[in-house]
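I opened this structure to learn how its chain is put together. My notes follow in the order I looked things up.

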Amino acid sequence: MAGTDQDTRAAASFWREVRRFSEAARPWSTDALFYEIKPDEEYDPTLVSRRVYGRRDEYLAVMAAAGVDTVDQSLPQKKIALPDEGALMRIKRQTGFETRSDYRENFAPTWSDE
């Protein structure tokens with residue numbers, strides 16, 4: 001799993017922060033992407049990630065926004081609020097978690113030294 005980090009708490013912290021973001025987002029939020037989960041995405045948060053972000057590795061953000069905390073749970077068919085790219089990067093830096101393999105090396109974000 002992409003969430004295997006040197007700091008094992010980072011993934012849980014990332015999930016909590018995305019969940020908070022999603023719950024606080026309002027229709028006028030400029031850093032939120034609102035997405036309606038479709039029937040074919042019910043058991044595939046990576047598909048939602050690909051459709052929203054253009055890549056499959058943001059599935060943990062999708063799960064958090066949907067309120068799902070294990071991969072064997074189905075996504076509810078409802079509208080969710082996801083952080084846009086800028087907000088997602090802020091949450092990642094805040095929590096020290098990175099999902100994109102091209103931004104990781106030796107189980108840690110490459111940007112963590114910046």
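**Core.** I began with terms. A nonpolar core is a set of buried Ala, Val, Leu, Ile, Met, Phe, Trp, Tyr and Cys residues joined through side-chain atoms within 4.5 Å. Buried means under 20% relative accessible area, exposed over 50%, and partly exposed in between, with a 1.4 Å probe and protein chains only. The model is predicted: local features need pLDDT of at least 70, side-chain atom pairs count only at pLDDT 80 or more, and totals for chains, interfaces and linings use all residues. Residues are numbered from 1 along each chain as its sequence is written, and side-chain values use heavy atoms, with hydrogens and water left out.

I then looked up the largest nonpolar core, which has 29 residues. Phe14, Leu75 and Ile80 touch the most other members. Two or more residues each come from helix H1 (10–24), strand E1 (32–36), helix H2 (45–53), helix H3 (59–66), strand E2 (79–83) and helix H4 (85–95). H3 gives the largest share, 8 residues.

**Chain.** Helices (H or I, at least four residues) and strands (E, at least two) are DSSP runs, numbered from the N terminus. I found 4 helices and 4 strands. Their order from the N terminus is α-β-α-α-β-α-β-β. The chain has 114 residues, and 46% of them are buried. I also checked contacts, meaning heavy atoms within 4.5 Å. Among those between residues at least 6 apart in sequence, 60% join residues at least 24 apart. For the surface I used accessible areas from the Shrake-Rupley method with a 1.4 Å probe, where only the protein chains shown count as cover for residues. The chain exposes about 6,400 Å², and carbon and sulfur atoms supply 49% of that.

**Helix H2.** I listed its buried residues: Pro45, Leu47, Val48, Ser49 and Tyr53. What covers the buried residues of H2? The cover includes E1, H3, E2 and H4. Gly54 follows H2 and has a positive phi, near 80 degrees.

**Phe14.** Leaving out residues up to four places away in sequence, Phe14 touches Leu60, Ala61, Leu88, Ile91, Lys92, Thr95 and Phe97. Next I looked for ring pairs. Rings of Phe, Tyr and Trp (its six-membered ring) pair if their centres lie within 6.5 Å; planes under 30 degrees apart count as stacked, over 60 as edge-to-face and the rest as tilted. The count is 1 aromatic pair. The pair is tilted, because the rings of Phe14 and Phe97 have centres 5.0 Å apart and planes at 35 degrees.

**Charges.** Side chains of opposite charge can pair when their charged atoms come close. A salt bridge is a side-chain nitrogen of Lys or Arg within 4 Å of a carboxyl oxygen of Asp or Glu. I counted 11 salt bridges. Arg55 bridges to Asp57, with the closest N and O atoms 3.4 Å apart. Arg55 also meets Glu58, at 3.1 Å from N to O. Arg55 and Asp57 are buried, and Glu58 is buried as well. Lys92 pairs with Glu98, with the closest N and O atoms 2.9 Å apart. Why does Lys92 count as buried? Its relative accessibility is 2%. Glu98 counts as buried at 0%. A network of salt bridges links Arg55, Asp57, Glu58, Glu85, Lys92 and Glu98.
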